[in-house]
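User: Hi, can you walk me through the aromatic rings in this one? Keep it short, please.
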Amino acid sequence: MGKIEDQIQDIEEEIHKTPYNKATQHHIGKLKARLAKLREKLERGPGTGAAVGFGIRKSGNATIGIVGLPNVGKSTLINQFTDAESEVADYDFTTINVIPGVMLYRGAKFQLFDMPGLIDGAARGRGRGREVLSVARSSDLILLVVDVRDWDIGVLVTELEAGGIRLNQRKPEITIKRKERGGLTISSTKRLTHVEEGVMEGMIREWGHVNADVLVKEDITEPRLIDFLAGNVAYIPGFVVLNKTDLVPKKEIGRVVKKLRPWKAVPISALNGDGLDGLRESIFSELEFIRIYMKPQGGEVDYSEPLVVKDGSTVGMVCDAIHRDFREKFRYASVWGTSAKFPGQTVGINHVLRDEDVITIVVQR
Ligand SMILES: Nc1nc2c(ncn2[C@@H]2O[C@H](COP(=O)(O)OP(=O)(O)OP(=O)(O)O)[C@@H](O)[C@H]2O)c(=O)[nH]1
Ligand SMILES: [Mg+2]
């Protein structure tokens, strides 16, 4: 075994010279899987996974990673939004640590992380890139902050990808059920046009699944299959924040927003405060939170402090958010608002709630 680069080259050569047919598919799948593992080793090196180095702690309803090249205004933004006091200056790498700050909005508590600038080569460790990426990986939402005069997000997206982060992608729809014996079976609900079944089988085996039922529910591509098998990829929503819009004419802002499509881009000036309300709102809606107001039985609705839960949450999930044993003691709930057929409808534990519903939960005493 030589250096990783040499091993990669050997495998690439072997794939190249192996004739491709039904009989060799399986072998090629294996080789491709080995190649993917080696490339990952090379890209990321040791020490990924937990947020090493910065020792951050998550709190609140959601955590938001602020990612951008140096000097684009990340710290200015977090200082506007939160209680943090992150140093601001007109040169690169002013921020050299991860700085947490808390933002309260519509009853939700967001934890924002200011970070050192992300640069080309970050995934290989340049400019504390590995640490930045590991904090980004644990975020619920990523803001790609750019200077409106230099709005290319290419480097950011490339480094995030190399750090195992997929922005705005669905999780691969594939399941692997391990079993005691019986070998490997692969079935699919969609016609597979990107990966041959033999290649897929070789890859799956190389990742150690020998006895298992595999069900593929999308026309999966090879990179997505590898992401799934490697199992260390984070799927995170994200959008672009166009900063320093005070420095260009209005027309230019619109032009950049268009150029960035299909990425969603929110224009702001962190310096003078333009667009910050819109950005708060975008953060809230991107995370798909809803607010639920509690009404004690026979009492008044508490509008002062909503319970913030994920969109699609059921009455049962609200129970879980309130108290450990609420679900067990649950008898019924009454609901007012858009999810109710009529005001005060009696519902069960699986009823799905909507934004600004009012709920009374009745439990056994
Ligand atoms: N005109 C203008 N200047 C801004 C804006 N936001 C930030 N700046 C300036 O840009 C420079 C860099 O701002 P920072 O907030 O330190 O940028 P950063 O992205 O945190 O930089 P690093 O920590 O070095 O990566 C400072 O001089 C800020 O005053 C803005 O909206 N408009
Ligand atoms: Mg900074």
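Analyst: Y105, F110, F284 and F289 form one aromatic cluster. The model is predicted: local features need pLDDT of at least 70, side-chain atom pairs count only at pLDDT 80 or more, and totals for chains, interfaces and linings use all residues. Residues are numbered from 1 along each chain as written, chains are lettered from A and ligands numbered from 1 in the order written, and side-chain values use heavy atoms, without hydrogens and water.

User: How many aromatic pairs are in the whole structure?

Analyst: The search finds 5. Rings of Phe, Tyr and Trp (its six-membered ring) pair if their centres lie within 6.5 Å; planes under 30 degrees apart are stacked, over 60 edge-to-face, the rest tilted. F110 and F289 make a tilted pair, 6.0 Å centre to centre with 50° between the planes.

User: Where do F110 and F289 sit in the chain?

Analyst: F110 is in strand β3 (residues 108-114) and F289 in strand β12 (residues 289-294). They are 179 residues apart, so the pair links distant parts of the chain. Strands (E, at least two residues) are DSSP runs, numbered from the N terminus.

User: Is F110 buried or exposed?

Analyst: Buried, at 0% relative accessible area. Buried means under 20%, exposed over 50%, partly exposed in between (1.4 Å probe, protein chains only). F289 is buried too, at 8%.

User: What about F284 and F289?

Analyst: They form a tilted pair, 6.1 Å centre to centre and 55° between the planes. F284 is buried, at 4%.

User: New topic. Which residue has its charged end over the ring of F289?

Analyst: K310, 5.3 Å from the ring centre. The rule: NZ of Lys or CZ of Arg within 6 Å of the centre and within 35 degrees of the ring normal. R106 lies over the face of F284, at 5.7 Å.

Terms used:
Helix = DSSP H or I, 4+ residues; strand = E, 2+ residues; numbered from the N terminus.
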